Each structure stands twice: as C-alpha cells, then as structure tokens.
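Dear colleague,

Please find below the sequence and structure that I am handing over to you. I would be grateful if you could look through them before reading my notes.

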Amino acid sequence: MLLALLCVAPPGLAAGERVAEGVVRGAMTRLGADLFRKLLSDMGYEGNAEGDNWMHLALLHIEKEEYEKALTDARRMIDAFEAAGTPSGYAYELLAWCIEEVGGYDEARAAYHSAKKAYEQAGEEVPASVYYAIAWYQHDAGDDEAALPNFERAATIYRASGEPVDPYIYYCLATIYYEKRNSGVSEGFAQLALDGYRQQLAQAEAGATPDISDYFYLAELYNITGRNAEALAHYLRVEELMKAENREISGYLCDVIGWYQKDAGDNAKALAYYRLALQTYLEEGDSAGDSYFWFAERCEELGELSEALESYERAVAEYEKFGTSSDNELQARLRRDALRTQLGK
C-alpha cells in the first residue's frame, strides 16, 4: 500500500554512486580509464582488464544517463568476470543498479543475491548496500521475516563504518517491529527514523523542494508513536504537495486522513475523506464488495446509518454478482439486516 502511494524506488547502488561521482566526473577523457583503474586499486579491488574496461564504460554511460548502453556494458562486464573465473560482488552490484535504472526489478533482485554470494565466496565482507537492497526487495514482496535481519545487518554495518544510515531503514525496522507487536523496539527505531527524516527535511526546505515521501514516512512514524496530531498534520502536508504536483491522491491517503479527522472530532471532514477514499478505491480496481463494506463500516462509526445501510446493500450486491463467499460478505449481510431493522426499512 505504501509503495502504491509513493512509488518508492529501490535503494540503488550506494557504492556505485560514490564511484560514479568520484571517478567518472572529470574523467570523461582519455585519462578516464587510467583514473578509474587507479581508484579501483586504491579501493583494494583486483579484477581483470576486460571486466574493468566494461565496468568503466558502464559507469561512463551511467554518468551520461544512458542506462540502456550502461546495462549492455554491465552484462559484458559480468561475462568477462565469469569467463575468467573471478566473480566480483561489486560487478554484480553495478549490474543490479543498471537493471534497476531500466525497470527490471525482478532481475535486479537476483543480481543483488549474486553480489552477496560473490562477496562471500571471495571471503570479503558483504557491504551494507547489498544487505539493504536485498531487504528492500524482500520487504516490497511482503516477506518481512526475511527482510528484518537484512535491514538490521545493513544498519549495523553503516553505523560501524561511520556512514549515515538511511532513515528508510529505520522506518522499515520500526514498522516491522510494530506489526510484530514489539512496541519497545519499534519506538526506538521510530525515533531514529524521525530524527533522520527531520534532518533531511530541514536540509531540503533550506534549498530544493522537499521529498513528499519524507513527509509520509514522518506521518507514519508519528502514528506508530501515538502522536496523532502530528501524524494528521503531515498526512495533510503530503496531500497538499501531491495536489501541487497534480498527482493522484490514493485511496489509502484519503482513508487515513479521514481516520485522523474522526480522531480529532471532525466527523464532517472524516466523512468527506472517506467518500473520496471509496471513489478512489473503486477507480484503483480494488474489490467493489470489500470497498463498499469498508465504507459502510466507516459510516456506521460516524453515525451515518442511512449511508451505511446503502453501502452494505451495494456490498452484498457486488458479492452476489461474483458469487464470492467471505467473512466480509457474511458481516455485510448481518449488518445490512440489523440496520434495516433499526431504521425500519
């Protein structure tokens, strides 16, 4: 749901970005390859000449945002390393980065696992960036049990190296532990994430336009820590920024703002947002039966019984149309019949 709202991208290759910025910029001349090899040597890297050349070309194309060409070079780079029997973890990271840039996320996920295996086979420490990327894909697939140790390992390595930890790592750890009902650990990570996102927003607001996702994560973190007023303010800020960019507001965002408006005692605004959420859920292709059932429950909570009954009726009709049977269908029928009796209909 979160990814659908914000279209969050994978973390990418942090090490590769540093090399691209520190090596390729200013090295777009005949001296580029020599400078590249020198810096690789300074990093303690030993590869083979053909693989290094393809790696260098891939980074040059990345610098010029020619990602299809970069991917072609990265694949040739991997072929060269494998042919020489010297698989490189860093090379697989670079390959994954190129694949991500052209939207091949399934293949990129496999490349990060290959990177981890190559580092381990070479007796090298697996970088935090690899654990982070693997965890990101596992979390995105809903496998938080597998993602949890990889997020924790990434955070540990970043801290040990003195590098800043992406607050999104802490955010994911906070939400995973929150779902596991471990409130103590969850709140600890939530506070670390809050600190990180506040710092990022302060830097962004002083210069360029802030990242909308930072406001969203802050809102979610305020939710986890029970700070509802702050959560509502940040969800509303997300809505404001998305409207300013003419971006569609998701059903989830309308739903959660409605809930917080109800919590703040403004039932009229809550109902308005719930209506928008229902409309958006239907447009997004969610189950019509479940969407009407959800909306009917929200209306009942607000005391809007006539509208609740109408929505329960529509939910039951949708369930009957497709012949589905579920707990929601049963509850929709029970609540419909109860409201008919209560309203004398």
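The notes below go from the whole protein to single residues.

This is a predicted model, in which local features need pLDDT of at least 70 and side-chain atom pairs count only at pLDDT 80 or more, while totals for chains, interfaces and linings use all residues. Residues are numbered from 1 along each chain as its sequence is written, and side-chain values use heavy atoms, with hydrogens and water left out.

Overall, the protein contains 18 helices and 0 strands; these are DSSP runs numbered from the N terminus (helices H or I, at least four residues; strands E, at least two). Of its 345 residues, 46% are buried, where buried means under 20% relative accessible area, exposed over 50%, and partly exposed in between (1.4 Å probe, protein chains only). The accessible surface comes to about 17,100 Å², and carbon and sulfur atoms account for 48% of that surface; the areas come from the Shrake-Rupley method with a 1.4 Å probe, and for residues only the protein chains shown count as cover.

The largest nonpolar core has 102 residues. Such a core is a set of buried Ala, Val, Leu, Ile, Met, Phe, Trp, Tyr and Cys residues joined through side-chain atoms within 4.5 Å. Leu94, Phe151, Ile169, Tyr171, Leu221 and Tyr235 have the most contacts inside this core. Contact means heavy atoms within 4.5 Å. Not counting residues up to four places away in sequence, Ile169 touches Tyr132, Phe151, Ala154, Ala155 and Tyr158.

Leucine 173 belongs to helix H10 (residues 167-179) and is buried, with a relative accessible area of 0%. Its contacts, leaving aside neighbours within four places in sequence, are with Leu148, Phe151, Glu152 and Phe189.

Glutamate 93, in helix H6 (residues 89-101), is also a buried residue, at a relative accessible area of 1%. The side chains of glutamate 93 and tyrosine 119 are joined by a polar contact of 2.7 Å (a pair of N or O atoms within 3.5 Å; within protein, one must be able to donate a hydrogen and the other to accept it, and residues adjacent in sequence count only if both atoms are side-chain atoms).

Helix H12 (residues 212-224) is mostly covered, with 12 of its 13 residues buried. Among them are Asp214, Glu220 and Leu221. Just after H12, glycine 226 takes a positive phi of about 75°.

With kind regards
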